[in-house]
Amino acid sequence: MKVIAINGSPRKNWNTDTLLKKALDGAASAGAETEMVYLYDLKFRGCVSCLACKLQKEPRPNRCVLRDDLTAVLDRVHAADAVILGSPIYFSEVTGEMRSFFERFLFQYLNYDDYSKPLSPKKRTGLVFTMNIPEPLFEDFGYTALFRRYEDWMKLYFGHCETLLATDTLQVKDYSRYHLAGFDAKAKQLRRETVFPQDCQKAYELGVRLASKG
Ligand SMILES: Cc1cc2nc3c(=O)[nH]c(=O)nc-3n(C[C@H](O)[C@H](O)[C@H](O)COP(=O)(O)O)c2cc1C
């Protein structure tokens, strides 16, 4: 049993990284071999629409042919039993690096002969998103649809997906050092101490579930 986490945050040891590490800890506790991939440490591009993965005579059909730092990662994710994608929300989307990963990851499996039957291996998947926005504003800013869309893609391609959302996160340790007056620093700190540990526990349990057989 192998569980891989793909980290689309540039910041190590911050919100997304912490939750992904907890998820991997959970997976390891259930006996899985685990791996964290930091996208910001890699040099790669999104899909370049070469369509080589759709060529009828391609020796590795339905696999991305681009050769860069993502090539080996895509091979390992292809073979893994479970994968967790984690990203902060930037301007109401995943980060650019995560979006580029997502294009490469899914397009290789897209089946233009029958969209409803992607050519991907079935596996358990998790999505971890962290963000400033509090949950009551989700509808107004289109976040409910955003998260549902990602989960629907993953379910269609891999047959399973669970999403964990960490909202109203702490963005910096000391708000007094920055022009961040739009935030209530005390409320953010309190949430960090009370709600974020619960998010960490949920991430751990997600990892356990993803690594469990059956
Ligand atoms: C460039 C940038 C854009 C952001 N845009 C949003 C946004 O649109 N919505 C939101 O809720 N948070 C936004 N945030 C806040 C981050 O999503 C939030 O702080 C997240 O938890 C950071 O994750 P990290 O600690 O793993 O870096 C943005 C942060 C940055 C740096």
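How do the residues of the lining of the second largest cavity divide into nonpolar, polar and charged? The tour gets there at its last stop.

**Before you start**

This is a predicted model, in which local features need pLDDT of at least 70, side-chain atom pairs count only at pLDDT 80 or more, and totals for chains, interfaces and linings use all residues. Residues are numbered from 1 along each chain as its sequence is written, and side-chain values use heavy atoms, with hydrogens and water left out.

**Stop 1: the ligand**

Select the ligand. Now show the residues near it (a heavy atom within 4 Å). There are 17 residues around the ligand, and Asn15, Thr16, Ile89, Thr130 and Thr169 come nearest. Colour this shell by class: eight residues are nonpolar, eight polar and one charged. Here Ala, Val, Leu, Ile, Met, Phe, Trp, Tyr, Cys and Pro count as nonpolar, Asp, Glu, Lys and Arg as charged, and the others, Gly among them, as polar.

Pick Thr16. A polar atom of its side chain lies 2.7 Å from a ligand oxygen. Pick Arg11. An N or O atom in its side chain is 2.9 Å from an oxygen atom of the ligand. Pick Ser92. Here a backbone N or O atom lies 2.9 Å from a ligand oxygen. On its own, the ligand has 650 Å² of accessible area, and the protein covers 81% of that (Shrake-Rupley method, 1.4 Å probe).

**Stop 2: the largest pocket**

Stay where you are. The ligand sits in the largest pocket, meaning that more than half of its atoms lie within 2 Å of the pocket's grid points. A pocket is an open set of points on a 1 Å grid over the protein atoms alone, with protein on both sides within 12 Å along at least five of seven lines; lining residues have an atom within 4 Å of a point. The volume is about 400 Å³, counted as the space filled by probe spheres set on the points.

Select the 22 lining residues; Ile89, Tyr90, Met131, Asn132 and Gln171 lie nearest the pocket's centre. Helix 1 and strand 3 each give two or more residues to this lining. Strand 3 has the largest share, with three residues. Helices (H or I, at least four residues) and strands (E, at least two) are DSSP runs, numbered from the N terminus. By class, the lining has 13 nonpolar, eight polar and one charged residues.

**Stop 3: the largest cavity**

Zoom out. The whole structure holds three cavities of 30 Å³ or more. A cavity is a set of points where a 1.4 Å probe fits but cannot get out. The largest cavity has a volume of about 90 Å³. Its lining includes Cys47, Cys50, Cys53 and Cys64. Nine lining residues are nonpolar, one is polar and two are charged.

**Stop 4: the second largest cavity**

Select Asn15 again. Among the residues that line the second largest cavity are Asn15, Asp168, Lys188, Arg191, Arg192 and Asp199. The volume is about 60 Å³. Helix 6 (185-194) and helix 7 (196-211) each give two or more residues to the lining. Helix 6 has the largest share, three residues. And the opening question: four lining residues are nonpolar, three polar and five charged.

Terms used. Polar contact = N/O pair within 3.5 Å; in protein donor to acceptor, adjacent residues only side chain to side chain.
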